[in-house]
Amino acid sequence: MQDQEQGRIRERAHAIWEGEGRPEGRHAEHWQQAEQEMGSAGRQPELTAQGATPAAASPPRLNPGDDAAPGTPGTGEDVCPTCQGSGRIEGHSCEDCGGTGIVIKGVAGG
Ligand SMILES: [Zn+2]
């Protein structure tokens, strides 16, 4: 809202005026300074617009049957117990292994 912004500028201008020892006849200067501060704080340059996020940073996709992400130390691939490694259950893709027939399990020592 325009009124809210004006109010904030007025408050800031007043603070600047007090900070400088309440000099007389400097109101316009303080107002201008407050406006500039508000402008620089409230408006971001368009150059830093979002939308260029690299897709390579996405985390590895885990299946519900996985204990950990592939490559995690102390884990290894195992046959999916849900579909017995077939990757399919009754004609549908196994959800636990994502249709791969393989899940990641912890292999602690043995
Ligand atoms: Zn499976």
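What pattern of helices and strands does the protein follow when read along the sequence, and what is found around strand β4, where G106 lies?

Reply: The model is a predicted one, and read along the sequence it follows the pattern α-α-β-β-β-β, which comes to two helices and four strands. Of the 110 residues of the protein, 11% count as buried, and among the contacts with a separation of 6 or more, 44% are between residues 24 or more positions apart.

Turning to the part you ask about, β4 covers residues 102-106, and the loop between β3 (92-93) and β4 holds T100. This T100 counts as partly exposed, because it has 17 C-beta neighbours inside 10 Å, a number between the limit of 12 or fewer for exposed residues and that of 20 or more for buried ones. Although T100 and C83 are 17 residues apart in sequence, their C-alpha atoms are 9.7 Å apart in space.

C83 also belongs to the largest nonpolar core, which has six residues and is made up of C80, C83, C94, C97, V103 and I104. In soluble globular proteins, nonpolar side chains tend to be buried together.

G106, which lies in strand β4, touches D67, A68, G74 and T75 when residues up to four places away in sequence are not counted. G106 and A68 are 38 residues apart in sequence, yet from C-alpha to C-alpha they are 7.7 Å apart in space. G106 itself counts as exposed, because it has 12 C-beta neighbours inside 10 Å, and the exposed class takes in residues with 12 or fewer.

E90 has a positive phi, near 50°, in a residue other than glycine, and E90 is exposed, with 6 other C-beta atoms within 10 Å. A positive phi of about 55° is also found at R22, which is not a glycine and which sits in the loop between α1 and α2 (27-42). R22 is exposed as well, with 9 other C-beta atoms within 10 Å. Helix α1 (residues 2-19) is followed by G21, whose phi is positive too, near 85°.

How values were computed. Residues numbered from 1 in each chain as written. Predicted model: local features only at pLDDT ≥ 70, side-chain atom pairs only at ≥ 80, totals over all residues. Core = buried A, V, L, I, M, F, W, Y, C linked by C-beta atoms within 7 Å. Contact = placed C-beta atoms within 7 Å.
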